[in-house]
Amino acid sequence: MPKPIVAVVGRPNVGKSTLFNHLVGQRISIVEDTPGVTRDRISADCTWNGRTFSLVDTGGIDPQSEDQLLLHMRRQAQAAIELADVILFMTDAKQGYSPDDEMVAQTLRKAGKPVLVVVNKVDSFPTTKHLEFFSLGLGDVLPISAANRMGLGDLLDEVVTMLPPADPDEDNSALRIAIVGKPNAGKSSLVNAILGEERVIVSDIPGTTRDAVDTPFAYEGEQLVLIDTAGIRRRSKVALHTIEQYSVLRAVSAIGRCDVAVLVIDAVQGVTEQDEKIAGLILEEGKPCVIAINKWDLLEKTTGTTEAFDREVVSKLHFLSFCPRITLSALTGQRLQKLLPLVQFVYRAACLRVPTGILNEWLQTAIAQNEPPSGPRAQRVRFYFATQPSVCPPTFVIKTNRPDDVHFSYQRYLENHLRKTFPLEGTPIRLLLRGRSEEE
């Protein structure tokens, strides 16, 4: 199931971004003592007591302002409320109860979502400054000091209890396949074609799919789950007053929780800059990938069309050149039967575990064929042994005397040699160079 979303909302300048930064453990949101600084919705994963959720920072809600910027911020906060599973309604202990707080509370009551009232800027504990906020009638009220990191553990404890329960019937052994790509590339049509029924809405209007929709099904005796996602557009194209940015959040989250990503490219439009960015997200997450070139039936073809298009894909998506590519048509079913076998193939590659003995034989062969160049001051780089600590993606650790002196071009040589030696097509790999410990 998708990661739950926890939205932080409230009036301007009550400390939402400060809280966000402390909870996610890094300075992501801009913090400044000026109302309206956070103009965009910002999200990051947060884990507490074994539960992971997406924490979303929003701009302040000023219920009475007619300023256009603040109106946009109010709409984006309302979009956050609509898509959130839990809402943290932040108020200000120093300013005390405000009529604007009551107006925000009215919006939250209509939403019908679980709400925790968070009273920020409390100077000392224990305190009674939060008690007046019980009059909002939204349930529990919790005092904190985001700036001083006081009460944040209690806050996260409360948040975890309010999250929707994990689905006990969810089959975590099922292969999860995320269908991703830019808007209107044919993702939903592809999902429907694979399932053989109209399970998700198909429209020529970009943005029809807003959520990441999970659909379990069986294929040749194996349980699979298809995740149809909203199209990912360039950030500059995502309007502040729509919920599309949250759709992008769901799609990026789907890449993170899938086992295999199918990157759908529109054959008519060719490989675009946005396709490159989505491919980069897949690589960053370390997910095996199949590149599906959809709408192949609509492309005018001449001699060499397939080869020319393949060269374009390899050129623009060179960092995914190890991924298999398939031309197909969700509309006509052309070559559709080859897609799922490819998905299973790249997943097996991602799960490949090479025995240590064989891996070290590979290392000696690679060194013998191309010795590493010497480091600074003609100091020789030596490789001792290799291990594979994990899979998905396959991760290889090579022990060396001078890890910082191994040139990136030689690291690339080792990675390419790994791919030539072992069946690793379709999956990213991690190659880590480490110095030896005293025990080793």
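1. Basis. The model is predicted; local features need pLDDT of at least 70, side-chain atom pairs count only at pLDDT 80 or more, and totals for chains, interfaces and linings use all residues. Residues are numbered from 1 along each chain as its sequence is written, and side-chain values use heavy atoms, without hydrogens or water.

2. Overall make-up. The chain holds 11 helices and 15 strands (DSSP runs: H or I of at least four residues, E of at least two, numbered from the N terminus). Of its 440 residues, 51% are buried (under 20% relative accessible area, 1.4 Å probe, protein chains only).

3. Contacts. Take contacts (heavy atoms within 4.5 Å) between residues at least 6 apart in sequence: 70% join residues at least 24 apart.

4. Helix H11. H11 spans residues 408–421. Buried here are Tyr410, Tyr413, Leu414, His417, Leu418 and Arg419. Their cover includes helix H10 (356–369) and strands S13 (383–390), S14 (395–400) and S15 (430–434).

5. H10 against H11. The axes (lines fitted to C-alpha atoms over the stretch in contact; angles from 0 to 180 degrees between N-to-C directions) lie 11 Å apart at about 125°. On the H10 side, the residues in contact include Leu359, Trp362 and Ile367; on the H11 side, they include Tyr413, Leu418 and Thr421.

Definitions and conventions. Buried < 20%, exposed > 50% of the residue type's maximum accessible area, 1.4 Å probe, protein only. Expected span 1.5 Å × (residues − 1).
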